[in-house]
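Please consult the sequence and the structure shown here.

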Amino acid sequence: MTTTAPGALTGGPALPQRRELRTAVPGPRSLELQERRAAAVARGVSSTMPVYAAAAGGGVLVDVDGNSFIDLGSGIAVTTVGNSHPQVVADAGAALARFTHTCFMITPYEGYVQLAEELAAVTPGDHDKRTALFNSGAEAVENAVKIARYATGRSAVAVVDHAYHGRTNLTMALTAKNMPYKDGFGPFAPEVYRAPTSYPFRDGLDGPAAAARTIEVLERSAGANRLAALLIEPIQGEGGFVVPAPGFLAALAAWCREHGIVFIADEVQTGIARTGAWFACDHEEVVPDLVTMAKGMGGGLPIAAVTGRAELVDAVHPGGLGGTYGGNPVACAAALAALGAVRDDGLIGRAREIADHALPRLRQLGDPRIGDVRGRGAMIGVEFVRPGTDEPDAELAKAVAGACHRAGVIVLTCGTWGNVVRLLPPLAIPQDLLVEGLDVLEEALRSA
Ligand SMILES: *Cc1c(COP(=O)(O)O)cnc(C)c1O
């Protein structure tokens, strides 16, 4: 048996903001834990890097060997306000000491109501809204579909290529990619129809043309009159950080409105300031009927939401939505603090600054192996291809990410072909660390 944390490290922004490697990566304590893990933890739950966390905050994560990494991953877009943000720690801590749980479906509490009010204020559109809280992104997506089906009396659901919506049975069906998400886990939920999306680097179509193609496929395969919902990520996350061509989302939203189809924006990854707006839909002034959110919402605590048109959400009978833990009081306090931090710390502007620095810099590299650099705010993807083609180069993405990891920078990959390196820094990252992280990424690419 070993202890896991060196000393009494405290996370949050006070953690020294530097990249520093004291051992090889992974170090000896991480290797010991890795061995224990292999004998105790399911192999199906895998990790990007075998380094075990001891503390995190601002723009760094410190591991159990004392190595300090620049964090360009935010635990997959979750610690948007920064890990262990002081206000999140204070407010969640106070809530924790008051009561840990009552079940909102048994005896409700104010935090849930206040969070619903806040989400109504920040989500797109000024219509009357209602919110239901859940624990994970997949659960939010499932419930958005439940609401859309109930409210429309229809069963079919439309999704697009490269979509990622979660790992539960329905959300596996809604997800596009087989490995690792679906393989061997079927049969999947029926009445899911998939159409092409807008992927400017690969299809060269403008927004309206791409939307016309999507709509044609859906009308032919599902029929507009049978569709309860169109579910779409306004910028695709796991599928490759694909930013659709301008006008694509608006054209789909208009088609949905015309045919009584509920337009669900899955903002689980893009929501809560990540893209330099409260929600990615805001960039194009698209107003979804329902919005799902989770990752960046709770400052690191598990919480998720569906917020949308009152007449849709309130169509469902009492008792039809909910769950034991949904909207846990500690998670609600954390989420309220995180939303406050977005405002108080100026994080929407900070996300835009990150894009303004990183996008031109990455585009200027002019490396023929880079097919595309894209993103909004602090959600940036670099798609690798074989020079002169659009053939995906997953090995290169993997090699670049691996070199970054060994040099003390956490980056993730994504994409249908696994050939995209994605950057999701916490918005609390100091500028010098962001610059240094990108230096390391450039060097990793040069030497790969
Ligand atoms: C991560 C993600 C989900 C699933 O969220 P979980 O909390 O992992 O269940 C759903 N949709 C999108 C767009 C995501 O990025």
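Which polar side-chain atom lies 2.7 Å from a nitrogen atom of the ligand? The atom belongs to the side chain of D266. The model is predicted, so that local features need pLDDT of at least 70 and side-chain atom pairs count only at pLDDT 80 or more, whereas totals for chains, interfaces and linings use all residues. Residues are numbered from 1 along each chain as its sequence is written, and side-chain values use heavy atoms, with hydrogens and water left out.

**Ligand site**

- The residues around the ligand (those with a heavy atom within 4 Å of it) are S136, G137, A138, Y164, H165, G166, E233, D266, V268, Q269 and K295.
- By class, this shell holds three nonpolar, five polar and three charged residues; Ala, Val, Leu, Ile, Met, Phe, Trp, Tyr, Cys and Pro count as nonpolar, Asp, Glu, Lys and Arg as charged, and the others, Gly among them, as polar.
- A polar backbone atom of G137 is 2.7 Å from an oxygen atom of the ligand.
- An N or O atom in the side chain of K295 is 2.6 Å from an oxygen atom of the ligand.
- The ligand taken alone exposes 380 Å², of which the protein buries 83% (Shrake-Rupley method, 1.4 Å probe).

**Cysteines**

- The count of disulfides (pairs of cysteine sulfur atoms within 2.5 Å) is zero.
- C332 is in no disulfide, and the nearest cysteine sulfur, that of C103, is 12 Å away.
- C332 has a relative accessible area of 0% and is buried (under 20% relative accessible area; exposed is over 50%, partly exposed in between; 1.4 Å probe, protein chains only).
- C414 is likewise in no disulfide, the nearest cysteine sulfur being that of C404, 14 Å away.
- C414 also counts as buried, at 6% relative accessibility.

**Domains**

- The domain assignment (automatic or from a database) gives domain 1 (3-81 + 346-447) and domain 2 (88-344).
- The C-alpha centres of domain 1 and domain 2 lie 26 Å apart.
- In domain 1, 38 residues are in contact (heavy atoms within 4.5 Å) with 35 residues of domain 2.

Terms used
Polar contact = N/O pair within 3.5 Å; in protein donor to acceptor, adjacent residues only side chain to side chain.
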